[in-house]
Amino acid sequence: MGTAAAPDPYMTNIKPCISSSRKIVVSTMVNIIAQHKEASWSGLASASHISSRQPFLHRITSKPVKFEKFVTRAMSEPSDNKPLSGLPIDLRGKRAFIAGVADDNGYGWAIAKSLAAAGAEILVGTWVPALNIFESSLRRGKFDESRVLPDGSLMEITKVYPMDAVYDSPEDVPVDVKTNKRYAGSSNWTVQELVECVKKDFGSIDILVHSLANGPEVSKPLLETSRNGYLAALSASSYSYISLLKHFLPIMNPGGASISLTYIASERIIPGYGGGMSSAKAALESDTRVLAFEAGRKHKVRVNAISAGPLRSRAAKAIGFIDMMIDYSLANAPLQKELSAEEVGNAAAFLASPLSSAITGAVVYVDNGLNAMGVGVDSPIFENLDIPKDN
């Protein structure tokens, strides 16, 4: 959180079983699958689809089925023109720009992977001071393991652009930043220049993802936050989204989608998440609704936000209490499991797809349900209540 356009730290085993009343249905399904065997699944895997194949096949039985783990993955083979089976997340032919990717363990990277798995072409914007390390790691294969998609292929990033979304145009950049050695060797990294480069290189995009947040005084309580620190948090974490969308909209295709990442601190008190960051997230969510109206009416583009739970990302660790927030979520959320970046990525793929064509102006919670809780059930005050726990 100590960088001007750093990746967002908050943006950083379900065990259902089929009841006895569904035994007949399960048995019928088993008979059908037994006849078709693996060939049926091969047909499904030949096109974009939501896959829960492995967990299901590994537990086929004539008895009630218990799922140990259920993970949905967006999958696609862009070169395959066969008819799609099932209900697909199909982004083939779409181009996405993800702003705020600087490593392989944050929500921005996970969203890029899910969009790529669904068939989208991936462009990313990386904060200028982190650009060389990120590009070097890509070239040297350090991210190869993280690039693996559900079909076994590697995510391809078509182009990495330098960017600093705190500055709209070259005229906005102060002299001390222009001469800073961390910016040496890079050019065209303000929002205006970035979009001009994307337009020149590709003409248009279909999906815009904002995965940026920074509060230089995030560790300070709000009453101790300076005016400059507060405004810096809003500039990097919320106005940067307005600026990116403003400049990208003219080159976004009608029917496109834009997604930002927010955090529950926008509406609940999270001690330690200070420096104006909670205010910035609240502004981001309010802006999402207004931008949904304006972008929808003028450009037929949808605008939504994902309120993601805590993730043990590199950026989030800089705040200093991310492990405690993850432990708290595990103890108190309706779903007692650690949130994965992939789950947020898959939600973003859905919001970017035609399947969500009527959803705009929404804040979608992807946090194992923690947002729904009014109290922390791990409090000693509830120790005598029979509260279900996943031990």
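Why does L87 count as exposed?

1. L87 counts as exposed because its relative accessibility is 61%, where exposed means over 50% relative accessible area, with a 1.4 Å probe and protein chains only. This residue lies in the loop between β2 (73-75) and β3 (95-99), strands being DSSP runs of E of at least two residues and helices runs of H or I of at least four.

2. This is a predicted model, in which local features need pLDDT of at least 70 and side-chain atom pairs count only at pLDDT 80 or more, while totals for chains, interfaces and linings use all residues. Residues are numbered from 1 along each chain as its sequence is written, and side-chain values use heavy atoms, without hydrogens and water.

3. Seven strands form an open sheet in the order β5-β4-β3-β6-β7-β8-β9, with parallel pairing, and two strands pair if DSSP finds at least two bridges between them. Because β5 (157-163) and β9 (363-366) stand at the edges with a single partner strand each, one side of each is left without a neighbour in the sheet. From one strand to the next, the twist averages 20°.

4. Within this sheet, β7 (residues 252-262) and β8 (residues 302-308) run parallel and are joined by six bridges; I259 has N304 in β8 as its bridge partner.

5. Helix α11 (residues 341-352) packs on the sheet and touches β6, β7, β8 and β9, contact meaning heavy atoms within 4.5 Å. The direction of α11 makes about 165° with that of β8, where axes are lines fitted to C-alpha atoms, for helices over the stretch in contact, and angles run from 0 to 180 degrees between N-to-C directions.

Technical notes:
Buried means under 20% relative accessible area, exposed over 50%, partly exposed in between (1.4 Å probe, protein chains only).
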